[in-house]
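Please read it alongside the model shown here.

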Amino acid sequence: MDSINKTIATVATTLEQLKSKEDDSAQVGYEAVSATQDVNFTAAVGEGPLNPLPDDTCQITATWTYPQVKGQGVGAAKFNKDMVQLVADTLDASKQASMDDEDSRVTMMYTAEIVSIDGDIACVRTYTDSYQPPYRSERVTRSAYYNLKTGERVSLEDSLVQHGFSFDTLKSEAKQAIKTAKPNFDSVSEDNIDDDDNYTEDHFYYDGKGYIVVLDTGEFDCMAWDTHDLVAHAFDSSYSCGQDVTPVRAKATYVPNE
């Protein structure tokens with residue numbers, strides 16, 4: 001935690017220094033890099049004992065990953081600071097989680113990365129493996145878009161407009177991608193696939209080769225199918241509609257304390 005706080009302080013100082021400069025015209029480009037944070041913390045138990053006591057704990061050990069940007073300007077510095085802060089907030093919330101709070105979660109694995117930089121817009125894909133004490137884990141992938149000139153979060157629409165797309169078109173293609181990937185559904189109806197309410201902006205990310213739709217565990221099929229990333233719209237010839245491009249996920253070590 002101390003190393004995260006030091007990183008936040010360093011990036012904040014850089015941000016203030018950049019804000020003091022009147023000339024920000026030197027901005028020419030960005031490079032995405034990954035940073036890591038080793039975490040080892042005590043948390044409320046998850047999938048350990050069948051009937052855990054409120055004081056039962058476990059030990060979580062993992063290497064979390066988060067994105068940073070190499071580039072000049074206030075926006076890049078703000079983005080870097082915000083990404084570090086998200087890690088710090090997630091770690092703090094995990095340590096504070098308890099069985100008494102149904103909204104609390106313990107995050108075991110946190111992997112965030114920039115999957116594309118499209119002009120000034122960076123797309124960040126974040127994967128978390130977490131649990132609500134004392135219940136089973138939940139694996140979730142979400143996306144977010146940031147304007148690196150300002151460091152502010154923007155919408156999926158800001159990305160789509162650069163490719164002449166609308167969100168309605170992308171949702172339509174995503175529905176076809178799901179039908180292509182899973183032609184034989186055993187737990188849901190086709191009406192569920194066609195329901196626009198099941199598609200939100202944070203379930204789509206742009207990785208430079210196409211737009212990907214993220215299916216949460218249990219969506220559109222049985223729980224055993226897990227979370228999956230499917231190609232909704234391909235720009236690259238190596239991609240096809242419905243192709244599974246789910247990345248390999250790193251895992252945390254979970255050990256119940258005696």
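A charge is taken to sit over a ring if NZ of Lys or CZ of Arg is within 6 Å of the ring centre and within 35 degrees of the ring normal. By that criterion Lys-171 lies over the face of Phe-167, at 4.7 Å from the ring centre, and Arg-249 lies over the face of Tyr-127, at 4.2 Å from the ring centre. The model is predicted, so that local features need pLDDT of at least 70 and side-chain atom pairs count only at pLDDT 80 or more, while totals for chains, interfaces and linings use all residues. Residues are numbered from 1 along each chain as its sequence is written, and side-chain values use heavy atoms, with hydrogens and water left out.

**Overall architecture**

- The secondary structure of the protein comes to 5 helices and 10 strands, where helices (H or I, at least four residues) and strands (E, at least two) are DSSP runs numbered from the N terminus.
- Of the 258 residues of the protein, 43% count as buried, a term that means under 20% relative accessible area, with exposed meaning over 50% and partly exposed in between (1.4 Å probe, protein chains only).
- Among contacts in the protein with a separation of 6 or more, 62% are accounted for by residues 24 or more positions apart, contact meaning heavy atoms within 4.5 Å.

- Strand β3 (residues 106-118) is mostly covered, with 10 of its 13 residues buried, and 11 bridges join β3 to the antiparallel strand β4 (residues 121-131), two strands being paired if DSSP finds at least two bridges between them.
- Glu-113 stands opposite Arg-125 in β4, and in the hairpin, which has 2 residues between the strands, Gly-119 takes a positive phi near 70°.

**Nonpolar cores**

- A nonpolar core is a set of buried Ala, Val, Leu, Ile, Met, Phe, Trp, Tyr and Cys residues joined through side-chain atoms within 4.5 Å; in the largest one, which has 32 residues, Phe-41, Ile-60, Trp-64 and Phe-79 touch the most other members.
- The elements that give two or more residues to this core are β1 (31-44), β2 (57-70), α2 (74-96), β3, β4 and β5 (137-147).
- A second, separate core of 26 residues includes Tyr-145, Leu-156, Leu-215 and Ala-232.

**Aromatic pairs**

- Rings of Phe, Tyr and Trp (its six-membered ring) pair if their centres lie within 6.5 Å, with planes under 30 degrees apart counted as stacked, over 60 as edge-to-face and the rest as tilted; the count comes to 10 aromatic pairs.
- The rings of Tyr-206 and Tyr-211 have their centres 4.9 Å apart and their planes at 40°, so the pair is tilted.
- Tyr-211 also forms an edge-to-face pair with Phe-235, at 6.1 Å centre to centre and 65° between the planes, which links Tyr-211 in strand β8 (residues 210-215) to Phe-235 in the loop between β9 (228-234) and β10 (253-256), 24 residues apart.
- Tyr-211 is buried at a relative accessible area of 0% and Tyr-206 is buried at 8%, whereas Phe-235 is partly exposed at 37%.
- Phe-165, Tyr-206, Tyr-211 and Phe-235 form one aromatic cluster.

**Gly-242**

- Gly-242, in the loop between β9 and β10, counts as buried at 11% relative accessibility.
- Not counting residues up to four places away in sequence, Gly-242 touches Ala-177, Ala-181, Leu-230 and Val-231, while Gly-242 and Lys-179, 63 residues apart in sequence, are 7.7 Å apart in space, C-alpha to C-alpha.
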